[in-house]
Amino acid sequence: MSDITLTDDLIRVLIDEETIQARVVELAQQINRDYAHLDSTLILVGVLKGSFIFLADLVRHLEVDHVVDFIALSSYDGGQSGNVRLLMDTRENMEDKHVLIVEDILDSGNTLDYLMRNFRTRGPKSVRTAVLLDKPDRHILPIDIAYLGFTIPDVWVVGYGLDYNEKYRTLPYIAEMKPQG
Ligand code: 5GP
Ligand code: MG
């Protein structure tokens with residue numbers, strides 16, 4: 001990927017396309033093994049918008065019986081996500097189903113903590129998380145990640161679903177952004 005030209009906002013490619021794709025295949029294989037003897041459908045819940053590319057790549061390597069659903073959330077204080085609000089709920093009934101939340105990045109943990117607690121009230125057989133990126137330095141709440149792509153430092157990243165004010169979301173790689181003043 002030596003032909004990538006970064007714009008002024010982007011410092012470096014943190015994870016290149018080939019590395020992401022290889023890791024996504026590994027995660028799908030783990031999921032295939034773990035859910036191989038499912039007694040009910042697996043519901044994958046993508047957290048919009050950031051997870052949509054990760055989810056789309058992941059499901060194309062899944063061999064277990066599954067359906068795809070989405071949820072949209074917002075945090076009303078900008079950077080920190082202490083206050084999570086539901087914008088669009090899932091459509092599938094989770095009762096007696098296995099649920100796998102698919103999230104782009106784990107930062108403070110507020111989003112996944114909210115989702116795990118919310119979904120557990122809906123009577124699922126299990127609730128687990130698949131997270132592409134983890135920033136351990138930022139955790140406030142402990143979150144159990146069943147399937148993790150990559151651990152990254154405390155920097156703002158964009159690409160592969162992740163944005164900065166809706167920019168850079170569809171880059172095929174993950175890049176580190178220059179801190180914005
Ligand atoms: P948490 O609730 O764990 O604090 O935050 C998770 C959410 O914050 C992610 O789903 C994502 O929307 C956003 N976020 C955290 N760090 C980054 C980052 O480096 N880049 C982007 N684009 N979003 C981030
Ligand atoms: Mg997100």
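Throughout these views, a residue is called buried when its relative accessible area is under 20%, exposed when over 50%, and partly exposed in between, using a 1.4 Å probe and protein chains only. The model is predicted, so local features need pLDDT of at least 70 and side-chain atom pairs count only at pLDDT 80 or more, while totals for chains, interfaces and linings use all residues. Residues are numbered from 1 along each chain as its sequence is written, chains are lettered from A and ligands numbered from 1 in the order written, and side-chain values use heavy atoms, without hydrogens or water.

View 1. A salt bridge here is a side-chain nitrogen of Lys or Arg within 4 Å of a carboxyl oxygen of Asp or Glu. Helices (H or I, at least four residues) and strands (E, at least two) are DSSP runs, numbered from the N terminus. Glu-26 is partly exposed, at a relative accessible area of 39%.

**View 2. Helix H2 is mostly covered**. Of the 8 residues in H2 (residues 52–59), 6 are buried; among them are Ile-53, Phe-54 and Leu-55. Asp-57 is also buried, at 11% relative accessibility, and its side chain meets that of Arg-60 in a salt bridge of 2.7 Å, N to O. Arg-60, by contrast, is exposed at 61%.

View 3. Glu-103 is buried at 5% relative accessible area, and Asp-104 is buried at 12%.

**View 4. A salt bridge joins two loops through Lys-135 and Asp-107**. Here the closest N and O atoms are 3.8 Å apart. Lys-135 is in the loop between strand S6 (126–134) and strand S7 (147–151), and Asp-107 is in the loop between strand S5 (98–106) and helix H3 (110–120), so the pair ties together parts 28 residues apart in sequence. Both Lys-135 and Asp-107 are buried. Elsewhere, salt bridges with shared partners join Lys-49, Asp-163, Glu-166 and Arg-169 into one network.

**View 5. Three strands make an open, antiparallel sheet**. Their order is S1-S9-S8, with S1 (10–15) and S8 (157–158) as the edge strands, each pairing on one side only. Two strands pair if DSSP finds at least two bridges between them; S1 and S9 (residues 174–177) are joined by 4. Look for Val-13, whose bridge partner in S9 is Ala-175.

**View 6. Asp-96 meets residues from elsewhere in the chain**. Asp-96 lies in the loop between strand S4 (80–88) and S5 and is partly exposed, at 46%. Beyond neighbours within four places in sequence, Asp-96 is in contact (heavy atoms within 4.5 Å) with Ser-40, Gly-123, Pro-124 and Lys-125. The C-alpha atoms of Asp-96 and Thr-41 are 9.0 Å apart, although 55 residues separate the two along the chain.
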